[in-house]
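Subject: Structure handover

Hello,

Please find the structure below, with the notes after it. Could you look it over before you set up your own work on it?

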Amino acid sequence: MTDHNSLEMRKSDRRVTDKEIIKAMLDMCKTCTLSVHDEPYPYQVPLNFGYEWEDELIIYLHMASCGHKIELIKKDPRVSVNAHAYLDRSNLPKYRGENQDYRSVTVFGAAQIITSDEPDEFMRGLNALQRHNARKEISRAPQTDSLYVIKIKAEAFSAKAMYPINDISEAAMPPNQ
């Protein structure tokens, strides 16, 4: 099995390891792609997300309590999540000699299903989603059996940018420089 914590990255000078820069990159990404195990191909779906990062990086998702992706998570909770932002500079001046720009964060971990029967953790995840999506936090968990919060503690993660980023001020993609 691949050890994603020690995986060599092509163009390793573009790897981002600074926590604050990675957080800034996550902040600019409003959606992610969840990948789960399926046969014969991985199953991927775009979702909005929220996150927390104090001692460890935690990604929160929400989804219906029934359906294909939740059944796949129940069968095998090992997942990956990729959040990315891309800017096509083809009609803009080049920046650092490039016609494009991107930021990408990939997280690997086990998906934990949180139900409304765990109101504190359920609310924590929902409010992480609310904050990340520029919405007002909620004060009460919806009483429903049809909604799950998915919590993914990062067991491994990697981040990369189009060109080396050395400072948090470079995390945002300059749109027209």
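The notes below cover confidence, salt bridges, aromatic pairs and one tyrosine.

This is a predicted model, in which local features need pLDDT of at least 70 and side-chain atom pairs count only at pLDDT 80 or more, while totals for chains, interfaces and linings use all residues. Residues are numbered from 1 along each chain as its sequence is written, and side-chain values use heavy atoms, with hydrogens and water left out.

Confidence

The score is pLDDT, the predictor's confidence in each residue, from 0 to 100. Its mean over the chain is 90, and 94% of the residues reach 70 or more. Helices (H or I, at least four residues) and strands (E, at least two) are DSSP runs, numbered from the N terminus. Strand E1 (residues 31-36) has the highest confidence, at 98, and helix H3 (residues 119-132) the lowest, at a mean of 94. Where pLDDT is low, the predicted coordinates should not be read in detail.

Salt bridges

A salt bridge here is a side-chain nitrogen of Lys or Arg within 4 Å of a carboxyl oxygen of Asp or Glu. The whole structure has eleven of them. For accessibility, buried means under 20% relative accessible area, exposed over 50%, and partly exposed in between (1.4 Å probe, protein chains only).

One of the salt bridges joins Glu52 and Arg131, with the closest N and O atoms 3.7 Å apart. This pair links distant parts of the chain, since Glu52 is in strand E3 and Arg131 in helix H3, 79 residues apart. Glu52 counts as buried because its relative accessibility is 14%, whereas Arg131, at 41%, is partly exposed. Glu52 and Arg131 also belong to a network of salt bridges with Arg124 and Glu137.

Glu56 and Lys153 form another salt bridge, at 3.8 Å from N to O. Glu56 lies in the loop between E3 and strand E4 (57-64) and Lys153 in strand E7, so the pair ties together parts that are 97 residues apart in sequence. Both ends are partly exposed: Glu56 has a relative accessible area of 35%, and Lys153 is at 37%.

Arg78 and Asp76 also form a salt bridge, with 2.7 Å between the closest N and O atoms. Arg78 is partly exposed at 44%, while Asp76 is buried at 15%.

Aromatic pairs

Rings of Phe, Tyr and Trp (its six-membered ring) pair if their centres lie within 6.5 Å; planes under 30 degrees apart count as stacked, over 60 as edge-to-face and the rest as tilted. By this rule there are two aromatic pairs. One of them is Trp53 with Phe157, an edge-to-face pair at 5.3 Å centre to centre and 80° between the planes. It links distant parts of the chain, with Trp53 in strand E3 (residues 50-53) and Phe157 in strand E7 (residues 147-161), 104 residues apart. Trp53 is buried at 12% relative accessibility, and Phe157 is partly exposed at 31%.

Tyr43

Tyr43 lies in strand E2 (residues 43-48) and is partly exposed, at 28% relative accessibility. Leaving aside residues up to four places away in sequence, Tyr43 touches Leu34, Ser35, Val36, Asp38, His68, Lys69 and Leu72, where contact means heavy atoms within 4.5 Å. Asn166 is 123 residues from Tyr43 along the chain, and their C-alpha atoms are separated by 35 Å.

Regards
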